[in-house]
Amino acid sequence: ARSYDENYQVVIKVDKNYINQLGKLRINISSIKIDIVKQSNYEFLILIKLLDQSLIGIFDSILNIILSESVYEEAESAMVHKFLQQLKRWQKFMSTSKTSILSEDKIRGLIAELKFLSELLIDNSLLKQEIIEAWYGPDRLHHDFIFNNTAVEVKSVSNLDKKSVTISSEYQLESNSNQLFLRVYCILKSSVAAENAINLNMIIKSISEKLDINERSQFDEKLIECGYIPNEKYDEFNYKIELINNYQVTEDFPRLCSSSLANGVLNVRYDIDLNKIEKFIMDLPSNIMD
């Protein structure tokens, strides 16, 4: 809805006054104002008003996630409690988020991860929930995808002439899983008219169309944690994607691990020459979801 002062807001009609619940949670988001207003017919309205209109994309995305996670509660009190709890959970993000889009490096990295996720959805259409849960990239864990017995780290290069990938920590190529793979894509800048060219908005839309409402909510939440908010500017960054290879990371794979570093060495970052690891090329296991 639009309020009298032209600010966007969400309006929820309820039968009880939840002002005490709201007060106990101490939700404090500078860009949002929350009111509970009594109606003449003894109903109440919960009003969530956006004060900074430049954040409409963030407001829209996060409120959609929160509502989709709350509306299936059978009791009104449970729905309102869950809604307010979820709003509290997103408080820090909404208080610190910027309206600028991701850098090109981050766009390419996210496209590479989403390309792999999309391929998994095609090959394992009955395991969509499990695939989304296996995507850990936005959770800032050591690996982008973690399955029961296999972990996959996804990397990208920006042109075919570049024959190296950057490893950003001493933990990125060590794993507690039985198998660890490095999957490398080439993400080439392209024009929008080029055949098979895609952008971030396109690949996200394609994935979202394959998901039900609960799966889409979880997917959207992970996208936001990656720093992605829907924005038309992403339509200007088009790419062609090509898989270079999968590499199995074994004991003799060239890498730096936390256990092998001298005491006191921190924040390791290094490049791996793809030409020197060709002997480690191996297809991903066909039963990767098992």
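This is a predicted model: local features need pLDDT of at least 70, side-chain atom pairs count only at pLDDT 80 or more; totals for chains, interfaces and linings use all residues.
Residues are numbered from 1 along each chain as its sequence is written, and side-chain values use heavy atoms, with hydrogens and water left out.

Staying with Lys 222 for a moment, Ser 61 and Lys 222 are 161 residues apart in sequence, and their C-alpha atoms are 11 Å apart in space. Ser 61 is found in helix α2, where helices (H or I, at least four residues) and strands (E, at least two) are DSSP runs, numbered from the N terminus. Ser 61 counts as buried because its relative accessibility is 14%, buried meaning under 20% relative accessible area, exposed over 50%, and partly exposed in between, with a 1.4 Å probe and protein chains only.

Now to the rings: how many aromatic pairs does the structure hold? It holds five, counting rings of Phe, Tyr and Trp (its six-membered ring) whose centres lie within 6.5 Å, with planes under 30 degrees apart called stacked, over 60 edge-to-face and the rest tilted. The pair of Phe 116 and Phe 145 is edge-to-face, because the ring centres are 4.9 Å apart and the planes stand at 85°. Phe 116 lies in helix α5 (residues 104-123) and Phe 145 in strand β4 (residues 145-146), so this pair ties together parts that are 29 residues apart in sequence. Phe 116 is buried at 3% relative accessibility, and Phe 145 is buried too, with a relative accessible area of 0%. A second pair, Trp 135 with Phe 219, is tilted, at 6.1 Å centre to centre and 40° between the planes. Trp 135 lies in the loop between α6 (128-134) and β4, and Phe 219 in helix α8 (residues 213-225), so here the parts tied together are 84 residues apart in sequence; both Trp 135 and Phe 219 are buried. Ring pairs also link Phe 116, Phe 145 and Phe 147 into a cluster.

Strand β4 brings us to the sheet, which is open and built from four strands in the order β4-β5-β7-β8, with mixed pairing; two strands pair if DSSP finds at least two bridges between them. The edge strands are β4 and β8 (238-248), each of which pairs on one side only. Further in, strand β5 (residues 150-157) and strand β7 (residues 179-190) pair in the parallel sense over eight bridges, and Val 152 stands opposite Phe 181 in β7.

Elsewhere, strand β2 (residues 32-38) and strand β3 (residues 44-50) pair in the antiparallel sense over seven bridges, and the bridge partner of Val 37 in β3 is Leu 45. The hairpin of β2 and β3 has five residues between the strands, and in it Tyr 42 takes a positive phi near 70°.

Finally, a word on Val 71, which is found in the loop between α2 (56-70) and α3 (76-89). Val 71 counts as partly exposed because its relative accessibility is 49%.
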